[in-house]
2 protein chains.
Amino acid sequence: MYRIILDAMGGDNAPKAIIEGAVLALEEYPDIQIQLVGDRELVEKHLAEYAYDKERLCVVHASEVIEMAEPPVNAVRTKKDSSLVVGMNLLAEGKGDAFVTAGSTGATVAGGTLIVRRAKNVLRPALAPVIPTATGCALLIDCGANVDCKPEQLEQFGMMGSIYMREVLGIQNPRVGLVNNGAEEEKGNALTKEAYQLLKKADLNFVGNVEARDLPLGACDVIVCDGFVGNVVMKLMEGCAVSFSTMLKREFMKKTSYKIGAVLAKPALRSFKKQMDYTEYGGALLLGVNSGVIKAHGSSNAKAIKNAIRQARTFTQQGTVQLIKEKLSQLS
Amino acid sequence: MYRIILDAMGGDNAPKAIIEGAVLALEEYPDIQIQLVGDRELVEKHLAEYAYDKERLCVVHASEVIEMAEPPVNAVRTKKDSSLVVGMNLLAEGKGDAFVTAGSTGATVAGGTLIVRRAKNVLRPALAPVIPTATGCALLIDCGANVDCKPEQLEQFGMMGSIYMREVLGIQNPRVGLVNNGAEEEKGNALTKEAYQLLKKADLNFVGNVEARDLPLGACDVIVCDGFVGNVVMKLMEGCAVSFSTMLKREFMKKTSYKIGAVLAKPALRSFKKQMDYTEYGGALLLGVNSGVIKAHGSSNAKAIKNAIRQARTFTQQGTVQLIKEKLSQLS
């Protein structure tokens, strides 16, 4: 049995979508059990609407909720009875295998570091979302946990990301690329020039520098960069998807024949939109802490939560944390 | 008369598209004259195909060409008779008002700095392309001339960019935004936290931090960032446009009704594509040198070259270099 701890209170659609996601996951995966952490009364009221295997789901009460806008470190330190802190404490005490939340990203990183704690030999945990590309998907590491990085951290990001893509997403020999302002080895800023040399020597399928232009085309499976650049990459891809569809829609509205065309092609447009939808790919991993911590998108619906639970299950099943620890111990 | 120096040999479609662009510009703007720099025989052979005002166009011979892949600084130093170096020397000697090239970006930056030289009080020249957004366009500064920046450089980028958008693109009180990993003042890495404080105090319409998600939506008119981040922003937007249209096309091909829909909506799709087309907006400016240096896209067609010449003309007409010098002298 894989024991998933689920933050019932985090995210825009909590607790309804979270609880529905938990029920869907229980149906689909007979080898998991879920601890739903949140306001017991509220959670049980929602649970009453569903039929599910009661042996495999329990509710753990937490009286507080960390809001999206709260300063993360402070929130984790003061809201001891929040669903996020209670859930992470369960994880740290070994009462579960992985923790899933759609709540505040900052609080997830802060809680992961302060409560679950970084794994041995890891310099700094990194936040790594799976992002859609034209050929499938790629892991972006780091996307915001570390805005100022040392070259050695980028080397570790490459290693942790490579293990994740191989073990959890089943990609053989993942191609690790370094985001840079040119493809040639000598290109880059002070950070990427040094990181290049470390990644080149590491036991990795390092494909060298990757220019941002080639990221959405699927140039590599693991996209290595500091958290500032990763944040720009992730958010800009989201922004482009939104602005492109806005612009496209505006064009379609200009003439009746375009409108008819758009209606005929609608399923194709919808399928395209689905490919661009982050929630299809599960959540972002907090890699480099002592257990699985998965941050689902804030706007997650039930299906996205179910996908994040699947991700937590595979992460646990493959012993990803242990593999990361072993790999990084070779470095020191 | 505005005297434009044009590199006839730079870019994927040189010299044909460059020469055609020059002829188009002469027709449209009666107040410009053009010096075409390149292999005289070749240039004159192409020119023979067009009717144009011979009083306003002359050819300056240059026997060499700087190729795209050459190490920029070395190329500028050794290829003394290249079209880029000859053209920039004409500019530096006051024999022209602005220089336009579709050649190597690196060589343009190197030549601008070594030959045209940075303007007084400018810490470092910056490369600034105009990029399309959902509401119009914005200036991205810097997009790659300075991959490691100090906060004071970012402050100057904001000032130079603001002057450009006001004087050349006619945007009143341009909104200057700092690319950051969060909207709140306290967000950022070491560089952006300090730059925020400088930009806040500067005589600018500073709208604060802008997250990458909001850039393509038109959140600001001047997008300030270091050259590494700017390079990621520019290339990722290009890459998203390419990958999105590839994915969209793939979806359209899946069923006959989608195909018919796509055919009906084709003009709308084409108009959308045109909005995403960089060449429509002219070239990238090298701001902070002693004269106008404009880098047109490497794949520029004749129309893109004409647009870059228009940009060079307005840049000169408005006395942009002098305005930048005056503004930055207030800082020191």
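This report walks through the predicted model shown above, from the pairing of its chains to a few single residues.

**Conventions and confidence**

Residues are numbered from 1 along each chain as its sequence is written, and chains are lettered from A, with ligands numbered from 1, in the order in which they are written.

The mean pLDDT (the predictor's confidence in each residue, from 0 to 100) of chain A is 93, and 98% of its residues reach 70 or more. For the complex, the predictor gives an ipTM of 0.90 and a pTM of 0.91.

**How the two chains relate**

Helices (H or I, at least four residues) and strands (E, at least two) are DSSP runs, numbered from the N terminus. Two strands pair if DSSP finds at least two bridges between them.

Chain A holds an open sheet of 11 strands with mixed pairing, in the order β3-β2-β1-β4-β11-β10-β5-β6-β9-β7-β8. Its edge strands are β3 (57-61) and β8 (206-210) of chain A, each pairing on one side only. On average, neighbouring strands of this sheet are turned by 25 degrees against each other, direction ignored. Helix α1 (residues 16-28) of chain A packs on the sheet and touches β1, β2 (32-38) and β3 of chain A. The direction of this helix makes about 170 degrees with that of β2(A); axes are lines fitted to C-alpha atoms, for helices over the stretch in contact, and angles run from 0 to 180 degrees between N-to-C directions.

β2(A) is largely enclosed by the rest of the structure, because six of its seven residues are buried. Buried means under 20% relative accessible area, exposed over 50%, and partly exposed in between (1.4 Å probe, protein chains only).

| Strands | Sense | Bridges | A bridge pair |
|---|---|---|---|
| β1(A) and β2(A) | parallel | six bridges | A:D7 and A:V37 |
| β1(A) and β4(A) | parallel | three bridges | A:I5 and A:F99 |
| β5(B) and β6(B) | antiparallel | four bridges | B:V130 and B:L139 |

**Inside chain B**

β5(B) and β6(B) form a hairpin with two residues between them. Eight of the eight residues of β5(B) are buried. Both of its faces are covered, with B:A126, B:A128, B:V130 and B:P132 on one side and B:L127, B:P129, B:I131 and B:T133 on the other.

Helix α6 (residues 151-167) of chain B has 15 of its 17 residues buried. Its end C-alpha atoms are 25 Å apart, which agrees with the 24 Å that 17 residues should span at 1.5 Å a residue; the expected span is 1.5 Å times one less than the number of residues.

B:V224, in strand β9 (residues 222-224) of chain B, is buried at a relative accessible area of 0%. Not counting residues up to four places away in sequence, B:V224 touches several residues, among them B:I141, B:L154, B:F157 and B:L199.

**Backbone details worth a look**

B:I141 is joined to B:D142 by a cis peptide bond, with omega about 5 degrees, and B:D142 is found in the loop between β6 (136-141) and α6 of chain B. In chain A, a cis peptide bond joins A:I141 and A:D142, with omega about 10 degrees.

The loop between α5 (105-116) and β5 (126-133) of chain B holds B:R117, which has a positive phi of about 70 degrees although it is not a glycine. Is B:R117 buried or exposed? At 53% relative accessibility, B:R117 counts as exposed. B:N121 lies in the loop between α5 and β5 of chain B and has a positive phi of about 75 degrees, although it is not a glycine. B:N121 is partly exposed, with a relative accessible area of 24%.

Key. Predicted model: local features only at pLDDT ≥ 70, side-chain atom pairs only at ≥ 80, totals over all residues. Heavy atoms only, no water. Contact = heavy atoms within 4.5 Å.
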